[in-house]
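Biologist: Hi, I'm new to this one. Could you walk me through it?

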Amino acid sequence: NRLDLAFLVDASGSVSDEGWNATRQFVKDFSSQLSVSATEVHVAVVTFSEDASVILTLAQGQSQTAVDAAADGMPQTFFRTFTNRGLDAVRDVIFTDGNGVRTSSEVPRLLVVLTDGRSTRPDLTPPAAESLRLEPFNVQIHAFGVGDLIDLTELERISGSPDRVSLVTNFSTLSAVGVNEITSAACENVTSPPVALEPTASPTVSPSTLAPSTLSPSTLAPSPGGCVN
């Protein structure tokens, strides 16, 4: 059961305190359903707002204890939603040789993107995501959109497919999506490389805002724990 898994989470000012706590819990709950270890699932965490911050690399995230500590300690940075800068950091730091990434032809790569709004730079965000999905990176992307201020078209262009987008009403309902379905798609990506999407016009958007909501820690259904080789 091997997988290189990265989380890219929205730390912009639109996320409430409750939402940020639920985001931390989501990272911990999602990864806890997998076999995080030196030989199986490796986990990385990156946050984004005005800039991107690498919280945990794949070389560092090789135990659940390390993932939990990184999630509990990741600061919310507020400001705007530069999703493209987060995607660039995932490509240039997380899935680049020297930081723990394994060969894509042997170990599937999955990026889970979590955001509650639209990118401040919708012109740069889809190309940044596409560069991750294609050679030489071959990263499967699954995008979570939280609330009613997300841009569905943008999320589909980030993930590369409507099938790899999950919409939830608030952070507490992240628990409705199971881990196994998402990780299985990444496993299939090893033998079925992604293709480039035809470009579409990007909408004009402004930074996201989202009113606080009542949230509770998320729990996820058990999963087999990664990809079977």
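Biologist: Let me start with a detail: which residue of β2 does F7 stand opposite?

Modeller: F7 stands opposite V45 in β2. Keep in mind that this is a predicted model.

Biologist: Okay, and how many bridges join β1 to β2?

Modeller: Eight bridges join strand β1, residues 3-10, to β2, and the two strands run parallel.

Biologist: Is β2 mostly covered or mostly open?

Modeller: Mostly covered: β2 spans residues 41-48, and eight of its eight residues are buried. V41, V43, V45 and T47 point one way from the strand, while H42, A44, V46 and F48 point the other way, and all of them are buried.

Biologist: Nice. Let me zoom out: what does the chain have in the way of secondary structure?

Modeller: The chain has six helices and six strands. Along the sequence they follow the pattern β-α-β-β-α-α-β-α-β-α-β-α.

Biologist: And how much of the chain counts as buried?

Modeller: Of its 229 residues, 53% count as buried. Also, if you take contacts between residues at least 6 apart in sequence, 81% of them join residues at least 24 apart.

Biologist: Let's talk helices. How do the axes of α4 and α5 cross?

Modeller: They cross at roughly 25 degrees and come within 7 Å, with α5 covering residues 152-159. Angles under 35 degrees count as roughly parallel, so α4 is roughly parallel to α5.

Biologist: Which residues make that contact?

Modeller: On the α4 side, T125, P126, A129 and R133 take part, and on the α5 side, E154, R157, I158 and S159. The residues of this contact divide into three nonpolar, two polar and three charged.

Biologist: I also noticed E130. Where is E130 found?

Modeller: E130 is in helix α4, which runs over residues 125-133. With a relative accessible area of 23%, E130 is partly exposed. The cut-off for buried is under 20%, so E130 at 23% does not count as buried.

Biologist: How far is the C-alpha atom of E130 from that of G160?

Modeller: The two C-alpha atoms are separated by 7.5 Å, and the residues are 30 apart along the chain.

Biologist: Switching topic: what about the backbone at F78 and F79?

Modeller: Here is some background. Most residues other than glycine have a negative phi, and most peptide bonds are trans. F78 has a positive phi of about 65 degrees although it is not a glycine, and F79 also has a positive phi of about 65 degrees.

Biologist: Where do they lie?

Modeller: F78 lies in the loop between α2, residues 64-73, and α3, residues 83-94. F79 has its place in the loop between α2 and α3 too.

Biologist: Are they buried or exposed?

Modeller: F78 counts as partly exposed, at 39% relative accessibility. F79 is exposed, with a relative accessible area of 62%.

Biologist: You mentioned peptide bonds. Which form does the one from E135 to P136 take, cis or trans?

Modeller: It is cis, with omega near 5 degrees. P136 sits in the loop between α4 and β5, the strand at 140-146.

Biologist: Last topic: what pLDDT does the chain average?

Modeller: The chain averages 83, and 79% of the residues score at least 70.

Biologist: Where does pLDDT stay under 50?

Modeller: Over residues 191-224, for which the model has 78 contacts beyond four places in sequence. Where pLDDT is low, the predicted coordinates should not be read in detail.

Biologist: Got it, thanks!

Technical notes:
Residues are numbered from 1 along each chain as its sequence is written. This is a predicted model: local features need pLDDT of at least 70, side-chain atom pairs count only at pLDDT 80 or more; totals for chains, interfaces and linings use all residues. Side-chain values use heavy atoms; hydrogens and water are left out. Helices (H or I, at least four residues) and strands (E, at least two) are DSSP runs, numbered from the N terminus. Buried means under 20% relative accessible area, exposed over 50%, partly exposed in between (1.4 Å probe, protein chains only). pLDDT is the predictor's confidence in each residue, from 0 to 100. Contact means heavy atoms within 4.5 Å. Axes are lines fitted to C-alpha atoms, for helices over the stretch in contact, and angles run from 0 to 180 degrees between N-to-C directions. Angles under 35 degrees count as roughly parallel, over 145 as roughly antiparallel, 65 to 115 as roughly perpendicular and the rest as oblique. Ala, Val, Leu, Ile, Met, Phe, Trp, Tyr, Cys and Pro count as nonpolar, Asp, Glu, Lys and Arg as charged, and the others, Gly among them, as polar. Two strands pair if DSSP finds at least two bridges between them.
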